[in-house]
Amino acid sequence: MNAIGLKPVPGIRMQRVGLGSYSDGDHIICVMKKGFLRIKAMEGSHLRVNVNGKGETVGPNGSCLDLKLANEVQGKNGNPSSLSTVGNSTNVKWHECSVGKSERQSLINQKGCVVWITGLSGSGKSTVACALSQILCQRGKLSYILDGDNVRHGLNRDLSFKAEDRAENIRRVGEVAKLFADAGVICIACLISPYERDREACRAMLPKGDFIEVFMDVPLEICEARDPKGLYKLARDGKIKGFTGIDDPYERPQDSEIVLTCKVGDCASPYEMAEKVIRYLEAKGYLEA
C-alpha cells in the first residue's frame, strides 16, 4: 500500500496532482472519506461524478472539488427555510465548508484550544502569556495572544469599563478566541475577567475540554506592590472608579484547570509557570494533531 492507501501497480508511479487527488499518468484518483475514484483524466475540463452518494468535481488542474460547492456558486440549492435569526441578525445561514477543524489541525500538527488566563491586575497574566507563547514557538507550535489591554486598542476600543461594557469586552474576546481555536491555533487570552458568569459564558462557546482556565492566584498585596501600570495608586487616590480588587470585586475561580500560585517570598518565574501549562497541554494531547 502507498501513502494514499492504494495498491501499487508495477511500472506505474502515483503522483499528487491536486487537492485530494493523485494521478497515474492517464487517470485521476480522487481520495474521499469512503474510498477512491479512478477516472479518465481530461486536460482543461471539469468532470462531474458521483461516488458513494457524494458528488465530486474534478477541476482542470486535477483537484477533486465538492460538487455541492460548485452548484452553490452557480446559485443552486436555495432554501429560504434554512435561514434563521441570531440575536439581532435576521435571515442568516450557517455555511458549512468541507475543510474543517480536523483538516486545519492536521496541517499544523496541533489541536486548537483556548488558554484563558484570569487574575487581578498585576498578577502576571500577560507576562506568563508571553512566556507560554515563546515556549510554544520554540516547539514549533502556533499560538496567538489576546491581551486585555491590546484588544482595547482596536476591536474593543468603543467599550468603557462599566459593568455592561466589561461583559461585552469578555464576550467579544471569547468569540474571537473560539475562532482561533477552530483554526487549530492555541489561543492565549489574558484578561482580568473578574466575573464568573462571563468566564463560564466563554467556556460554553467551545467544545468540552477546549477551554482551559488558568487562575493566577496572586494576593492583592503582591499585585498592588508591583503596580506595573500605576493603576492601584490611581484607584487608592480615587482617580479610578470601579477598579477590580479595590472597589469592584474579583470572583475567584472555583474549579480552574490550572492554578498558578504566588505567595510572598515564594513565587515561581513566569517560565516555570508557563511550563506547568505546557505540561497540561501535552497531557491532554493539544501539542499534536
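Modeller: Let me begin with contact, which means heavy atoms within 4.5 Å, and with the elements themselves: helices (H or I, at least four residues) and strands (E, at least two) are DSSP runs, numbered from the N terminus. This is a predicted model, in which local features need pLDDT of at least 70 and side-chain atom pairs count only at pLDDT 80 or more, while totals for chains, interfaces and linings use all residues. Residues are numbered from 1 along each chain as its sequence is written, and side-chain values use heavy atoms, with hydrogens and water left out.

Colleague: Which residues of α3 and α9 meet?

Modeller: From α3, the residues are Thr127, Val128, Ala131, Leu132, Gln134, Ile135 and Leu136, and they meet Pro270, Tyr271, Met273, Ala274, Glu275, Val277, Ile278 and Leu281 of α9.

Colleague: Why are α3 and α9 called oblique to each other?

Modeller: Helix α3 (residues 125–138) and helix α9 (residues 270–283) pack at about 55 degrees, with their axes 8 Å apart; axes are lines fitted to C-alpha atoms, for helices over the stretch in contact, and angles run from 0 to 180 degrees between N-to-C directions. Angles under 35 degrees count as roughly parallel, over 145 as roughly antiparallel, 65 to 115 as roughly perpendicular and the rest as oblique, and α3 and α9 are therefore oblique.

Colleague: What makes β11 and β15 edge strands of the sheet?

Modeller: Two strands pair if DSSP finds at least two bridges between them, and 6 strands form an open sheet of mixed pairing in the order β11-β12-β10-β13-β14-β15. Strands β11 and β15 each have a single partner strand, so one side of each is left without a neighbour in the sheet. Helix α3 packs on this sheet, touching β10, β11, β12, β13 and β14, and its direction makes about 165 degrees with that of β12.

Colleague: How do you know that β14 pairs with β15, and what sense does the pairing have?

Modeller: There are 2 bridges between β14 and β15, which run antiparallel, and with the requirement being at least two bridges, the pair qualifies. Cys262 has Cys267 in β15 as its bridge partner, while Lys263 stands opposite Asp266. The two strands form a hairpin with 2 residues between them, and Gly265 in the turn has a positive phi of about 80 degrees. With β13, in contrast, β14 pairs in the parallel sense over 4 bridges, and Val214 has Ile258 as its bridge partner there.

Colleague: Why is Ser143 called buried?

Modeller: Buried means under 20% relative accessible area, exposed over 50%, and partly exposed in between (1.4 Å probe, protein chains only); Ser143, at 15%, therefore counts as buried. Ser143 lies in strand β11 (residues 143–147), and, leaving out residues up to four places away in sequence, Ser143 touches Ser133, Leu136, Val185, Ile186 and Ile188.

Colleague: What makes Cys202 buried?

Modeller: Cys202 has a relative accessible area of 1%, and is therefore buried. This residue is found in helix α6 (residues 196–203), where Cys202 is in contact with Trp116, Ile170, Gly174 and Phe211, leaving aside neighbours within four places in sequence.
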